[in-house]
Amino acid sequence: MAAEFLKTHGIDLQDEMSSIQFPSTISPNSHANQTSDIPTSDPRKPRISYRKINKILNVKLPCRNPDKTWDVFIHNDTIASVEPHNPSSHDTTSDPQILNGGKAFLLPSLCHPHIHLDKCFLLSDPKYSDLSIEKGDFREALSLTSQAKLRFTPDDLLRRGRWLIEESIAAGVTCMRAFVEVDATVRFKCLEAGLMLKQQYLNACDIQICAFAQDPLFSGEAAAEGRVLMEQAVQEDGVDVVGSTPYVEADEMQMRENIDWAVDIAIKYGKHLDLHLDYNLDGSKEPMVYYVIDALKKRRWTQNKNIVLGHCTRLTLLTSDQWYDLNRRIWELPISFVGLPTSDLFMMGRPSEPEEGSERVRGTLQIPQLIKEYYLQGTIGINNVGNAFTPQGSCDPMSLASMCVGIYQAGAKEDAELLYECISTRAKAAIGSGERRALEFREGDKTDLVLVSTNAYEGGRPRRTLQELVYDPPKERRTLRRGHMVHLETG
């Protein structure tokens, strides 16, 4: 299918996949300073090396005394034990499998539960410099993105996608759900670029590919073709998720058809389901989330796959009683809500021109309240970066958590821990890539980790607690994937 399309541009998908070496091929007994390098003869390929780590010394840990440091021992890519740091017991200079943390914070790695891979950094790429923002509203964002999609090429998609993935890995991300659009305009261009990037970065980051219908599936001339293309895309090896956008349909009946179709396709092919839903602040409109729940129950959704509902800004208008009712309706369905504050705040709650900006609502899901008061599953994500939907922000989930302290007015110690969970363990659980758990390390935990410096610079102000890291995240970080230090080479 789309592999043939890539071949016309000089890219052989099978050659790309077969050329990749995996950290799992590194023998546990091999010399520690050996690295697993992705070949670099092709400039399109990333240059990544890995160093096996079996001890991480002198680190601060979440949920423990901030005035003490600890030693973490790793065996078979899982945590074997955690012991108080003994500064005299180890010489780290001669053993590259030992990592001296230098009193940095060791934390579970970060996760993007919702990020668009194919339309990232359009505002940063000279190729699209004529497609600049003027109004900044949703209609313009759709128009600019549609124009950009007409120019997409494999090299272009791979270049911008690599920017996003590598910036994310550098920030501590080892897991993401990446949306790639499939429609009559791009057909399988975005999908095949996403699948190639998934393979190239397999050892550094678990990239779930969501075949995503941004365009209507039941409205307009291209709808029928869009459904055919989407069903073909979902069957591709490496596609993990069915994604759709019911709110772009012309009317409520077609929104329901969109939801029914997406649920049916996810069940038919055994995929996770991810819907962009209820993206409005109109109290006169009935939230479509109720229809989604009914559609899932009608089909007896029992497979071991998760459902994620993104945006859902209309739900910010629900009363407490309505939230509790929503909890009862969901009951045991594996539904998680993902708040997307950077996009929501840019798009939602815009005042009309006569109001002259006198009223601007937050217009984004109150995720901490949703979790703590209404006992629903929730997380937060970056969504878009560097395009007309979200021109501001970066690929760093910790910067998002920091911003959410103000958005959610969540400044307490428990709030900071919850916000970190929402960009880490809760985010992974929402997309079916980990257990929903607290941040404290346990024996047997996976060693997808991020080591975060506690100082902005040598001799600078230290951050003593996780709370301070969330308030003001340092940029210096080191990422571990399956017990291997990930090093992105430049040049």
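Leaving aside its neighbours within four places in sequence, which residues is Gln-377 in contact with?

## Gln-377 in strand S14

This is a predicted model. Beyond those neighbours within four places in sequence, Gln-377 is in contact with Ile-335, Ser-336, Phe-337, Leu-370, Arg-426 and Arg-436. The residue belongs to strand S14, which covers residues 377–380.

As for how much of Gln-377 shows, its relative accessibility is 26%, so it counts as partly exposed. Pro-334 sits 43 residues away along the chain, yet its C-alpha atom is separated from that of Gln-377 by 8.6 Å.

## Gly-161 in helix H4

Now for a glycine in a helix: Gly-161 is part of H4, residues 154–171. With a relative accessible area of 0%, Gly-161 is buried.

Who's around it? Setting aside neighbours within four places in sequence, Gly-161 is in contact with Leu-117, Cys-120 and Leu-197. There is also Gly-194, 33 residues apart from Gly-161 in sequence but 7.7 Å apart in space, going C-alpha to C-alpha.

## Helices H6 and H7

Next up is a helix pair. The axes of H6 (residues 223–234) and H7 (residues 252–269) come within 11 Å and cross at roughly 25°. An angle under 35 degrees counts as roughly parallel, so that is how H6 runs relative to H7. The crossing is right-handed.

On the H6 side, the residues that meet H7 are Arg-227, Met-230, Glu-231 and Val-234; H7 brings Trp-261, Ile-265, Lys-268 and Tyr-269. Sorted by class, this contact has five nonpolar residues and three charged ones, with no polar residues.

Conventions:
Residues numbered from 1 in each chain as written. Predicted model: local features only at pLDDT ≥ 70, side-chain atom pairs only at ≥ 80, totals over all residues. Heavy atoms only, no water. Helix = DSSP H or I, 4+ residues; strand = E, 2+ residues; numbered from the N terminus. Buried < 20%, exposed > 50% of the residue type's maximum accessible area, 1.4 Å probe, protein only. Contact = heavy atoms within 4.5 Å. Axes fitted to C-alpha atoms, helices over the stretch in contact; angles between N-to-C directions. Parallel < 35°, antiparallel > 145°, perpendicular 65-115°, else oblique. Left-handed = near helix turned anticlockwise from the far one by under 90°. Nonpolar A, V, L, I, M, F, W, Y, C, P; charged D, E, K, R; others polar.
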